[in-house]
Amino acid sequence: MKRIRGWLTLFLCILAAAALTSCSGSSTQRLTVDKTRNIHMIVKMNRGDYWNTVKMGAEAAAKEFNVKLTFKAPDSESDVKEQIAMVEDSIKEQADVVILAASSYMGLAQVVDKAAYYRIPVISVDAEVGSARVTTYIGSSSYKAGQKSAERLVQLLNGSGEIGILNFTNTSDKQESGSESDIDYGARDADEREKGFLDYVARYPSVHVVDIFYTPSVTAEAEELTRLMLLRHPHLRGIAALNETASQGAAAVLQERGLRSIKMVAFDSSPAMMEQIQEGIVQAAVIQNPFSNGYLAVKNAVEILQGVKVPERVDTGTKLIDLNNMLWPENQKLLFPFVR
Amino acid sequence: MPKKPANRFPLRPQTRAARRGKFTSKLASIQVILTVTLTSIAVLVTVIVSFALYNKFAKTAEENASLNMQQIIEQVNYNLGLYVNGMRNIYEKAEQQIEQNASIDSRVLHESLSTLLESREDLVSFAVFTPGGSLVLDVPSAPMRRNTRMEEQSWFNAPKKTRAISFSQPHVQNLFKKRYVWVVSMSKMISYTDHGTSKRGILLVDFNFRTIDELSKQVKLGKRGYAYILDSLGNIVYHPQQQLIYAGLKYENVEPVLEYAYRSYLDESMGEKRFITVRTLNQTGWKIVGVAYYDEIVTTKRDLNQFMRLFLPLSILCVIVVSVLLSAKIARPISRLERTVQQVVEGDLNTSIYVCGPYEVEQLSKRFNLMLQRIRKLMDQIIYEQETKRKGELEVLQSQINPHFLYNTLNSVIRLAERGKNEEVVTMIQSLSKFFRISLSKGKNIITLREELDHIRHYLVIQSFRFKNKFRYEIKAQPEVLNCLTVKLILQPIVENALYHGIEMMPDEGVIHIAAELRSGLVVITVSDNGLGMSGDALKNILKGAVKSRGGSGVGVRNVHERIRLYYGREYGLSFESELEEGTTVTVTFPAHYGDDGETVKEGAKSL
């Protein structure tokens, strides 16, 4: 009896002590960075300034939020199979979050569902994927970007003339599976840009889109297609290129031929493209925010892991760059992110 | 005699009283009081000391962190200053060479500038422009791009307003067809000689921004802390997250920074506590701003906090354990003592206390044990005395029904009957019967003196028939003494003694005087005879039981003496006076008591 009371006293004292010490805890902060997160980022391609900038943004966020970032990308934008395999690997490696820039809207859908099944949140960045299980999409609206491109090109052509479009897709895949089913295995952003462009141009009766070519992401092929387009349509007054490789291919051909009469609106920035703009070969370029995309994707991933509610879509916007604004300080950083 | 004398022990009722107050007394036990007191004091002291130390350490750590950060920023400032000085030297050298050279397009000048360019890795280009914007000289030579829009750029416009070297913000150099390079441009109006005529132009020296970038990038202030550079107008020259700032994802509160050239302060405008340290680079007016996250840079504080959270409960636990053990150690002997005393109170006198513990407790235990021993001894003594008493009485009683005595008496009766002395036979039988009745007294040990005297009278009547006219007797008693109580059968052995030893052998008639009186609260009974008397030796031995009556009851006067002493105390009993041939006087003394109950008297006697 006496003994029991003794232990009871002891227990109460410990409780009191515990209560005393627990008050001295520090205040909570918005994002805890004590724990290292394991985040996998899979993008369309392992080269190109655009994806490098996405990676840089992701790395900046990784450093800030104590994230171990695993960056993966296939050699080509059209390699859907490789990308699926990479997502599979990430599921196997039990990544905390998978950030995905899908090469194919439908092609990656199944594997994303699989990741969701294993309770791995998937964030899609830059290009959407056809799965309802995607937690959030971060990137610019491709439809709006397409419209922006069309708006400028129409303006440059003073509202009349023939336009050729150089878009991108994963041709090889399309050919393989196209015969068996009607599923669109193309990249969502390519389709959306094209749709946005065509919808805008449809308002102008004297502007005609005479041809749309699709290139896999290889500059040489884009050049070939441009030459073909110029050959087919001698009265062509404007070219819209809807991604980086297509733009570079088209611009190279225009420069090579010295065709100052053809106006061109490019897509995505690269120092080479800036040179073309400064030289006056390309009149404008629609610029996305690859750095912000990468950064925000990782930041949102960390937020998801901490149970913070994130918006379904984060629109990082697009910008139209031309000779006038390319040297504005805020645009310089966007266009030339690398200090060399 | 009951086996357990303790059952009648008078302390018993107190046990119940003690039990009634058990709950309150237990809570107020020494162990609980000690534990609570020790624990609270120790915990209080530990907590106070810990918190005082914690605050002191934390403050020092904070100051150190702040100082450390200031030193880092100071260092960056110094390095940047050195670097900018180096840039300035290069610029001045280039300016000197251009001004001193006879012609702006001479090979010599071109070569010396090329050498200068190669001397430093971070030097990108030298160029001289006319105030109108046309290129006069460029090293290394490269075709100009179209659409440079140089008249919009700060390096081109600044020299027109100031005579000092102006530093541009880092920007992408778009002048030459080579590549786009991030540079810091230095520019100033200089004079040069072109084909013999002195002209004024703008000397542009581009430095790769990489060096400044790297210089600043290396600054690590905690895990997330960083440094950034502002120009005098508040434009960001360098920021590790410049991209995010331009994209509107990050924001830097530069207003307070711009107000001061040299300052450290705590900023909370970003929702988090941050240490901001500002230093200004004199040559360019740039401000180097160090940003450290408070919770991070003060890791010592956090470590300390963590340590305290671990240490405090542990030490409090230790304190509690120690105080519980200590109080148990102190209280254990006392509670053991208490338990033993309780046992004793409940009647178990055969227990004893284990003597150990602190001095006081040890002494207390020792003395308690001594006391217990004493009590046991006394109890034993009481038991012994009681037994002796009963044995004595039994002996006396047995002596009454001694066959020898009875035989003699009955013989006398027969003889009287034979002689036809019926009256005497009746007297004899009557006395004998009364003699036995009083002897038995319904088992009582204490009777009145009246009864005792009656008893001895009947005895003397019986004996007088036996010792025909051999003696006469006289019994005198004060009336007030008759109601006094006495131990029964004390006179018969004395009288028997007197008869058999004093008078039987006497040739003359013997006389036995029995007198009882009160003398200052004492009952004094004297039995005197005029018999043979005793020698001094016999007198000495008589109370030792050495003298045995011959033909008597077999119970000595010693038995009487002892019984009186057992009942009343050692100072009472018998005393003898005797002289040979003169006679013996036995005096019985015991305190006077009145009462109608033998038991009461016994108790009363005990209490004396």
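Predicted model: local features only at pLDDT ≥ 70, side-chain atom pairs only at ≥ 80, totals over all residues.
Residues are numbered from 1 along each chain as its sequence is written, chains are lettered from A in the order in which they are written, and side-chain values use heavy atoms, with hydrogens and water left out.

Start with Val97(A), which sits in strand β3 (residues 97-100) of chain A; strands here are DSSP runs of E, at least two residues, and helices are runs of H or I, at least four, numbered from the N terminus. Val97(A) is buried, at 0% relative accessible area (buried means under 20%, with a 1.4 Å probe and protein chains only). Its contacts (heavy atoms within 4.5 Å) include Ile39(A), Ile120(A) and Leu305(A), leaving out residues up to four places away in sequence. Val302(A) is 205 residues away along the chain, yet the two C-alpha atoms are separated by 8.4 Å.

Over in chain B, helix α13 (residues 422-440) has 19 residues. Its buried residues include Val425(B), Leu432(B) and Phe436(B). Just past α13(B), Ser441(B) takes a positive phi of about 45°.

Next, look at α14(B) (residues 449-466) and α15(B) (residues 491-503), which pack at about 25° with axes 10 Å apart (axes are lines fitted to C-alpha atoms over the stretch in contact, and angles run from 0 to 180 degrees between N-to-C directions). That makes α14(B) roughly parallel to α15(B), a label for angles under 35 degrees. Among the residues that meet are Leu453(B) and Tyr459(B) from α14(B), and Val495(B) and Leu499(B) from α15(B).

Definitions and conventions:
Expected span 1.5 Å × (residues − 1). Buried < 20%, exposed > 50% of the residue type's maximum accessible area, 1.4 Å probe, protein only. Parallel < 35°, antiparallel > 145°, perpendicular 65-115°, else oblique.
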